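Here is a short walk through one structure. Keep the sequence and the 3D view side by side as you read.

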There are 2 protein chains.
Amino acid sequence: MSGRGGRRLAREVAIVGIGATPFGRSPWSLLKLMAEASHEALVDAGIERERVEALYVANMGSVRNNRMAGLASALADRLGVLPAAADTVENGPASGGSALKAGVLAVASGYHDVVLVCGGERMREVSGLEATEFVSTLGHRYAEYPYGVTLPALAGLFARLFCAERGISPEQLARVALKNHDNGARNRRAHLRRALTLEGILSGPEALQNNPLVAEPLRLYDCCPVSDGAAALLLLPVEALTELAPDVNTPVRVAGLGQATAPHAVHARPDPIRLTSVARSAELAFAQAGLRPRDTDVAELHDAFSVLEIAESEEVGFFEPGDGHLALERDETTRDGALPINPSGGLKARGHPVGATGVSQIVELVRQLREEAGPYQIAKSAPQVGFAVNLGGFANNAVATVLSRSL
Amino acid sequence: MSGRGGRRLAREVAIVGIGATPFGRSPWSLLKLMAEASHEALVDAGIERERVEALYVANMGSVRNNRMAGLASALADRLGVLPAAADTVENGPASGGSALKAGVLAVASGYHDVVLVCGGERMREVSGLEATEFVSTLGHRYAEYPYGVTLPALAGLFARLFCAERGISPEQLARVALKNHDNGARNRRAHLRRALTLEGILSGPEALQNNPLVAEPLRLYDCCPVSDGAAALLLLPVEALTELAPDVNTPVRVAGLGQATAPHAVHARPDPIRLTSVARSAELAFAQAGLRPRDTDVAELHDAFSVLEIAESEEVGFFEPGDGHLALERDETTRDGALPINPSGGLKARGHPVGATGVSQIVELVRQLREEAGPYQIAKSAPQVGFAVNLGGFANNAVATVLSRSL
C-alpha cells in the first residue's frame, strides 16, 4: 500500500443525506434532474442550502451531449447555493465514485465542512448511435476507438474469454440478469422494472423476440440500458455532526476509499480477463477501513454487462476465482443470501446514467444500511458494512468505497 | 468566512516540481503535450514516476474536441504511473485552478502523498468556428447559448460598460496588451512573442490591418489566442519533504486557496461589471494564507480579454475601484513595477489552452518565486508571495491561489 495512497484521513466523513431521481427516459433537462436529486439530499439531511460550501458534480458528457461546460457552476446557480465552490469530476462511468472521493477528501482535509456531491447524465438527449460513439471515446484513442471498438464489443470479447476460462454456461451467465431484474422490479426508481424468467432470457418465444445477440455471447438482457438520471449525497465531518445535523437519520461513515488504474487498451493487459483496477481499489478501500471482503453485508457492483458482476465479485475478494458464477447459482447474492449483490437492480435494471451511477450506488447502499429500501431491503437485519465498486472505461480505472454504520 | 470553507488544512502542501510545453499551435497530440509537461515536472522534482499516487488532470473539451473520455486514465497509462489514481477535473477555463485545488486537498487530507496535477488542451484539433461554439457552451444554457452569445460577445458588452463607468480610454485599455506582449516576447514558451507599440495597436497602418474590432470596444489584440499546450505541477506534503524530496529546489507552499461561484447568466448579476467570484475567491485565499493583497510580490491574472486584467486587479484588492487602469498607466504592474502582473505574458500573450491555463499560472509564479524566469524575471529580489486567479466561464466561477516561499 505504501507509496500509493490509501492512508487514514485527517478527519472522518459521514454521509447524512441522499437523493435520487427515477432512472430511465426522462422529460427533464440535465440541470432539472440534478437539482431534484440534490434538493432531496439536502432535505433528507435537514441542511439548509445556504450552508453548502462546495459542490462536486459527476458527469461525463455534458459538453458534448448537452452543450454545457462548467456544469457544476450552472447547478450551483440553479440550486441557489452560490457562492459555494463548484467543480465537475470526470472519470467516465466512474465519475460518480471519483466525485465522491473528491468530496470526501475535501472534507477530510479540513478545508470544507458541508459538501454536496451530485452525479447526473442525460444520455437520451442524443440518438442511440451518438450515445454509442460517445461511450466509445472511453476506449484507447489510437488502439481501440479508431477501429470502431465499442464498449459492448469489448465486453463481448471479455465475456467469451472469461466464460470459456471459467466454464460458465449461458444458463449460469443469465442468472445475473435474472437476479438483477428481480431486484429492479421492486425499486420504484429503476429504469427496467420487469422481472424475467430463465426461459424468457434463453429459449422461449420472448427470448427469440426480445433478447437478440448484441456482441456474442452477450445478449440484450446482458447489457445495461441507456438512461437519464441523477443522484446526490450530502457529506459532513463526523466531528461536526452534533453541531450541523443534530437530528440526522443514521449517518453512514465513508470508512474506506480506493482507486486504481490499469492499462488503457484491453489487449495490452497481461491477462485480459483480470480486472486489476477492481482488485487494487478494493484492496485499498478495505485496508483503509480495517475490514475484509467477508465483512461486507451488502454490495453494489458495476454490472454494465452481466459478466462484469461475476468477474468483479471475484476480483473484490468476495469469492475465489472460478467461484463467482457458482455462488450466484447457489443464490448467495440474492436479497436474502449471505452477501446480497445489487439489491437495487444494479446498472442492469436500475439503469446507467453514466455520471450518476457511482453516486447512486452509494445512495442505494445508504438506503440498505438505514434499512429503508422497502420492497428490495435485504433480508439480514441491521447490516453494518456496504461496499461499492464503480468502473471507469473498460476497467482502466476503478473506484471502490466501503461504508460503515459505525461512526 | 465561516460556513463557506477556506479553513486551515490538516497538512500543509508544497509544490516541488513544475513543467510546461510551449503554448501555441502544436503538432503534438493532447496526450503527448500532457505527458511532456508531466515528465518535466517529475524530473524537476527529482521524484520517480513509480511514486506518483494520484494524477489530477485539468481539461475542458477532450470528450468533444479530441474524442477522449477518461483522459486522466489515458495519461496515467501513457506516463507509466499505473496503478495511480487518476481523475479529470472540469471547471471551464478554471479547470487548472480546480485541479490544483483537488490535488492540494487530496494531500492535505492525509490520503495521498505524491500527487501530480496536469492541465492540457488541444484546442486547434477543431476549426476556429468549432472552437468558438465549444467555448460558448460555458454560457447559460437557456439564457445565453441558444441566442448565439459567445465569450467575446459577453466580454465586449462587459468592456463597453466597464470602460464607460471607469472612464477608461482606448489608449489606457491598450496598455494591457502592450505590457503583456512585452512580457510574452521574453517568454520562450509563450504563444505570441511579438512586442507591440501603442501606435501599432491603436492607429498606425499595422492597427488598421492587424487589429480589427472583434466585439466593440475589444479588438483582436485585446483577446487571447486559441492555443494548444500543457502544464504540470508535483505536490508533496511539507512534512514529508525531507524524506521524499531531499534535494528539492525551492519548494513553494500553497498558502491559500479560494473558490467561489456567481450567477451564471451575466445579465442576472446585480451589477454586471462586478466579478464577485473573483473578489470572494481572493478574500478566501488571502484569509487562509493570513496575508493581505498588498503582501503580493507577483501575480498572474486571467486576462482572456484585456479588460479583465484591469477589473480583476481591483476585485482582488490590489487597487481601489477605478484605480486599476491608472496603476497600469503608472507602470506599477510591469516587471519592474511595485506589483508585477502577468510577467509571463498572461493569457493574452502566453496563450490560453483552457485546461492548461490555471496550472500554467502556478508554474509561472513558481518560476518567479524561485527567481528562474530569466528574461522575464521580475525586478524585485527574493519575492516571497505569489497570487493567481483563474476564471471559469464568464466569471461564474473563480479559483484563487496564494503561494509562499516560506514553508
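Where is the place of Asn342(B)? Asn342(B) sits in the loop between α13 (324-329) and α14 (346-350) of chain B. Helices (H or I, at least four residues) and strands (E, at least two) are DSSP runs, numbered from the N terminus. Asn342(B) is not a glycine, yet its phi is positive, about 55°.

Some ground rules come next. This is a predicted model, in which local features need pLDDT of at least 70 and side-chain atom pairs count only at pLDDT 80 or more, while totals for chains, interfaces and linings use all residues. Residues are numbered from 1 along each chain as its sequence is written, chains are lettered from A and ligands numbered from 1 in the order in which they are written, and side-chain values use heavy atoms, with hydrogens and water left out.

Now turn to another loop in chain B. Pro217(B) lies between β5 (213-215) and β6 (218-219) of chain B. The peptide bond from Glu216(B) to Pro217(B) is cis, with omega near 5°. Look at chain A next. Pro217(A) is in the loop between β5 (213-215) and β6 (218-219) of chain A. The bond leading from Glu216(A) to Pro217(A) is cis, and its omega is near 5°.

Helix packing comes next. In chain B, the axes of α7 (residues 170-184) and α12 (residues 306-315) come within 8 Å and cross at roughly 100°. Axes are lines fitted to C-alpha atoms, for helices over the stretch in contact, and angles run from 0 to 180 degrees between N-to-C directions. From α7(B), Leu173(B), Val176(B), Lys179(B) and Asn180(B) meet Ser306(B), Val307(B), Glu309(B) and Ile310(B) of α12(B). Contact here means heavy atoms within 4.5 Å. Four of these residues are nonpolar, two polar and two charged. Ala, Val, Leu, Ile, Met, Phe, Trp, Tyr, Cys and Pro count as nonpolar, Asp, Glu, Lys and Arg as charged, and the others, Gly among them, as polar.

How do the chains meet? 70 residues of chain B are in contact with 70 residues of chain A. The area buried between them is about 5600 Å², and carbon and sulfur atoms give 50% of that. Buried area is the accessible area (1.4 Å probe) that two parts lose on being put together, summed over both. Chain B and chain A share two salt bridges. In one, Glu133(B) pairs with Arg67(A), with the closest N and O atoms 2.9 Å apart. A salt bridge is a side-chain nitrogen of Lys or Arg within 4 Å of a carboxyl oxygen of Asp or Glu. On the side of chain B that touches chain A, β3(B) gives the most, with six residues. By class, that side has 30 nonpolar, 22 polar and 18 charged residues.

Finally, consider charge pairs beyond the interface. Side chains of opposite charge can pair when their charged atoms come close. Over all chains, the structure holds 50 salt bridges. One of them joins Glu239(A) and Arg11(A), at 2.9 Å from N to O. This pair links distant parts of the chain, 228 residues apart. Glu239(A) is in the loop between β7 (228-237) and α10 (241-244) of chain A, and Arg11(A) is in the segment before β1 (13-20) of chain A.
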